[in-house]
Amino acid sequence: MSQRIYSLLLLTYYYHKHSLEAMVDAVWWSLVSLLVFGFMAMYLARGSSESEAATILVGFILWDILRLGQDSITLTVLREIWSRNLSNIFTTPLSVKEFFIAQMIMSGIKTLVVTSIMSTIAYYLYGFSITRLSWGLPFYAVNILLFSWAAGIFVLGLLFRFGTRLQALVWSLVVVLQPIAGVFYPISILPNFVQRIALLFPITYIFEASRVTFLTGYVDTRAIITAFVLNALYLTLAIWSFATMFRKAKKTGEFARLEG
Amino acid sequence: MANVLYVSRLLKSFGSFTAVNRISFSIGEGEVVGFLGPNGAGKTTTIQMLLGLTEPTDGSIHYFGKNFADHRSYCLSRINISSAFNTLQGRITVYENLRVFAGLYNVPNPVKRIAELSERLELRGLLNKVYKDLSAGQKTRVNLVKSLLNNPRLLLMDEPTASLDPDIADKALTFIESLRKEHNVSILFTSHNMNEVTRICDRVIFLDKGNIVAEDTPLGLTKLVKFATLRLTFDGNKKPIIEYGAEEGLTLHFPRTQVVEFTIEEQNIPKVIFGLSKKGVYMTDIDTQKPRLEQVFLDIARGGLT
């Protein structure tokens, strides 16, 4: 592994070692949400089948991958901006490609660790096993992660281009998709035109397919392939938009002014 | 002397505003060049372009003969910056920060390198402290260590001694001087402390409103200021001095009863002394205060030299 990529991973590791809020960001929200959704699922199980109620937990765990994956990319950068250290990092020989590879590796590790912890807690607290997604699980998880990277890269481009006044997007951009992407309920209950919009996003196919797998054991390979294709498109668009906005930010001087 | 940096017709415009107006300059191997100018002169924008943080509108930057735009990684691995205005990651320790940057610069044997530099800049005791808990002066020293990790051939120093106490600032300057002497490092040095600039710079570039308005040795630049201050201590009545001052149009200032000060063109000093003697003024002491770099800076900032 490139020494520079390793150094960025080291920076994130050191930061988490010293920062309680980073640990809170990573684990606390996931844990609290797991408790809420877990008990809600138990409550709903009284009125419907236990399995159907448990799909809420499937949605929650996969959604958490999206949240963690995107936050991991964007928050790392925000923390360096707040510390006035980003310009130091970008005046080293580090390339943008190495920078993103490091962010993606860190995002993957963080997501794997937190999701494993949450899945284990869900198993012991609610008897819920994410392994019921069988061989579809890694494909669902990777697709959600790919989309989180696309969202993270896009938000970073906006941050570099327009400055920290847009930092609220770090937490709020993907949340917009939560009501329409079929995270906790099938998109069939949405109005027709919203369903059509929902199908533009790869995560919709994954959330829909994961629910079916959880209830029936059937893994919808077509949905997985469609999600991969859409993710490839979204990642390409995200990288292109980042490159365009980064170049523009260097031209307007906004990138150099990011740290105030 | 080979150029480590060559800047050619560098232009940066933001809409209709020109921050840097087609400036050209170079820095030779082992040369220390002061980069001065009032606020808004274009220094920061130039430094940002030299570091690749801002893209020039036109013109070129070459490091070690290579075009920066085409060889970014090669160039950045051989230069570094120490700025009083950037900080490192505040939440982690000094050692951890330095370890990260040593890796980003691909420094071989980083542990040894960090130990060597920390020893020289008296930072050993701070290595395990969290960066945000350091004083401003300590942070500046850590930034200096960070800037030396990759053994740079060119160092950009943006007010490196700001917030250092005089003793540590002097040590830092001595260290910078030794860097040049022992390792032939070239330095682009910005500071508002003209004594420091006079002490360590071989050459000074003055920037104003995006243009280079003067470029010379510190001594050569002071010669641009034609005026000197004459301070005379005299015996007896000050009336003849006041009369002579009125005749010659001098603005006199009497800081003490028997002392007069005024500013005149350097070439007129003998004439004035002779004229006062003729008026019967008996001078017991004559002190000429020659212009310093500070005066050049003030004159440029106030539009006097441009």
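Q: Hi! How many residues of chain B are in contact with chain A?
A: In this predicted model, 27 residues of chain B are in contact with 29 residues of chain A.

Q: Which helix gives the most to the side of chain B that touches chain A?
A: That's α3(B), with 6 residues. Both α2 (72–76) and α3 (94–104) of chain B supply at least two residues each to that side.

Q: Switching topic: in what order do the strands of the open sheet in chain B run?
A: The 6 strands go β6-β7-β8-β3-β9-β10, with mixed pairing. At the edges sit β6 (79–83) and β10 (211–216) of chain B, each pairing on one side only. From one strand to the next, the twist averages 20°.

Q: Do β3 and β9 of chain B run parallel or antiparallel?
A: Parallel: 4 bridges join β3 (residues 32–36) to β9 (residues 203–208) in chain B.

Q: Which residue in β9(B) does Gly34(B) stand opposite?
A: Val204(B).

Q: Which strands does helix α1 of chain B touch?
A: Helix α1 (residues 43–50) of chain B packs on the sheet and touches β3, β7 (154–158), β8 (186–190) and β9 of chain B. The direction of α1 makes about 150° with that of β7(B).

Q: Last one: why does helix α10 of chain B lie largely in the open?
A: Because the number buried is 1 of its 10 residues (269–278). Just after α10(B), Gly280(B) takes a positive phi of about 90°.

Note on methods:
Residues are numbered from 1 along each chain as its sequence is written. Chains are lettered from A and ligands numbered from 1 in the order in which they are written. This is a predicted model: local features need pLDDT of at least 70, side-chain atom pairs count only at pLDDT 80 or more; totals for chains, interfaces and linings use all residues. A residue is buried if 20 or more other C-beta atoms lie within 10 Å of its own, exposed if 12 or fewer, and partly exposed in between; C-beta atoms are placed from the backbone. Two strands pair if DSSP finds at least two bridges between them. Axes are lines fitted to C-alpha atoms, for helices over the stretch in contact, and angles run from 0 to 180 degrees between N-to-C directions. Two residues are in contact if their C-beta atoms, placed from the backbone, lie within 7 Å.
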